[in-house]
Amino acid sequence: MKPAGTIPADYRAGGGQLLLGGVTFQTLVEQAGDTPLFVYDLGVVASRIDRFRSAMPTELSLHYAIKANPYREFLKHIASMVDGLDVASGGEMEAALKSGTAANKISMAGPGKRDDELSAAIDAGITVNLESEGEAERALATAKRLGKRPRLAVRVNPDFEIKGSGMRMGGGAKPFGVDAVRVPALVRGILAKGADWRGFHIFAGSQALDAQAIIAAQKATVALAGELAESIGTSPPLLNLGGGFGIPYFAGDLPLDVETIGHNLKNILDSRVNILQSTKFIIELGRWLVGEAGVYLTRIVDRKQSHGETFLIVDGGLHHQLAASGNFGTVVRRNYPVAVANRFDDPAEEVVTIVGCLCTPLDRLADKVALPKADVGDVIAIFMAGAYGATASPSAFLGHPLPKEIVVDHRFVS
Ligand SMILES: *Cc1c(COP(=O)(O)O)cnc(C)c1O
């Protein structure tokens with residue numbers, strides 16, 4: 001048997017069935033028409049946002065990085081609960097604008113922005129986080145052609161990064177951002193061209209569960225921004241501190257202590273250098289806001305034995321939920337939290353391996369986990385499916401249908 005991660009405390013049973021947004025999962029499957037289905041609970045997102053806001057210094061703004069989950073119905077509501085959105089493509093920019101978010105609250109990051117994307121962003125008044133000197137030139141030329149004053153920030157490639165196990169110094173060569181030593185000259189150049197310089201964006205890593213590592217990165221980020229600003233001789237209007245907040249996917253992972261991060265960040269901001277006194281601060285999060293808010297529901301289509309092991313074969317798979325198969329940014333495959341949705345309260349009775357319906361050995365959703373006995377027709381719930389799920393999976397691979405997606409909100413259910 002292998003351990004599975006812990007199911008987030010937001011989920012419970014009613015009459016033995018998994019409840020999502022206050023109704024049974026079966027009601028939602030009927031509403032959506034079928035499995036496989038992603039269910040996203042806005043109530044879970046709202047509780048994370050509340051926790052963030054009470055833990056963090058009041059002057060800090062919260063942005064949502066929409067690549068974590070751009071599902072339109074979900075995004076529309078999240079957009080109204082945060083202070084801004086971060087996008088990483090022209091398509092995401094359109095989605096962000098359609099969500100009702102004002103252009104001056106949207107920023108665009110990402111290496112390799114095409115001229116048409118730069119043009120659309122500058123025309124709309126979105127802040128472009130510049131990733132290189134070449135991109136700065138193209139952005140300035142585009143702005144001139146449009147007759148617009150572009151809103152430009154500079155993404156800095158810092159000499160440090162956050163790692164789950166502690167902060168690593170020496171970020172080194174990267175396709176993202178501009179090396180710190182080259183930033184002052186670049187900013188002076190865009191100021192000289194009359195651009196509306198918005199400040200710095202410094203993103204030092206992702207999926208960190210170690211509060212101390214995040215605190216060390218934030219401290220280094222504010223210090224670096226201060227040094228760069230002094231060297232340029234101008235105060236940056238904004239400092240985007242990045243994010244990096246992780247969620248506990250696997251057995252043994254502990255949730256991130258955001259209260260300790262908030263407490264330390266207040267001290268860091270309170271003791272900042274003079275040139276950053278009027279600077280506004282932003283944290284941008286994806287995974288931490290939405291990851292635990294999503295559940296992937298997939299129905300068992302076959303149950304079989306092979307060499308003494310029991311396999312449950314489901315109608316979903318890595319084409320929808322690549323991350324749970326261990327093929328999205330993880331070195332060793334480990335089990336996401338998993339349950340039999342229609343026997344959510346029952347004790348474990350057997351050890352099974354759950355595989356998806358794709359004809360590849362990569363399509364393994366849970367390896368040798370202990371679960372109540374489940375049969376054909378029963379529904380498996382895979383948790384932690386709210387971030388980097390449907391849109392971060394190879395949905396065209398093998399020609400199966402797209403997953404269905406549905407948004408619920410447990411706050412509005414009694
Ligand atoms: C992906 C990304 C994020 C979000 O990262 P999470 O780990 O999901 O919080 C934030 N900012 C930028 C620039 C990104 O590329």
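1. The ligand takes up the space of the largest pocket. Here a pocket is an open set of points on a 1 Å grid over the protein atoms alone, where a 1.4 Å probe fits, with protein on both sides within 12 Å along at least five of seven lines.

2. Before you go on: this is a predicted model, where local features need pLDDT of at least 70, side-chain atom pairs count only at pLDDT 80 or more, and totals for chains, interfaces and linings use all residues. Numbering runs from 1 along each chain as its sequence is written, and side-chain values use heavy atoms, with hydrogens and water left out.

3. Around the ligand (a heavy atom within 4 Å) you'll find Ala65, Lys67, His201, Phe203, Ser206, Glu284, Leu285, Gly286, Arg287 and Tyr388. That shell splits into 4 nonpolar, 3 polar and 3 charged residues, with Gly counted as polar and Tyr as nonpolar.

4. Now the polar contacts (pairs of N or O atoms within 3.5 Å). The side chain of Ser206 puts an N or O atom 2.5 Å from a ligand oxygen. The protein covers 92% of the 390 Å² of accessible area that the ligand has on its own (Shrake-Rupley, 1.4 Å probe).

5. Elsewhere, 3 strands (DSSP E runs of at least two residues) make an open antiparallel sheet, ordered E1-E2-E3. E1 (12–14) and E3 (23–24) each have a single partner strand, so one side of each lacks a neighbour in the sheet.

6. E1 pairs with E2 (residues 17–20) over 3 antiparallel bridges; pairing takes at least two by DSSP. Ala13 sits opposite Leu18 of E2.

Note on methods:
Polar contact = N/O pair within 3.5 Å; in protein donor to acceptor, adjacent residues only side chain to side chain. 1 Å grid on protein atoms, 1.4 Å probe; cavity = no way out; pocket = protein on both sides within 12 Å on 5 of 7 lines; lining within 4 Å. Sits in = over half its atoms within 2 Å of the grid points. Helix = DSSP H or I, 4+ residues; strand = E, 2+ residues; numbered from the N terminus.
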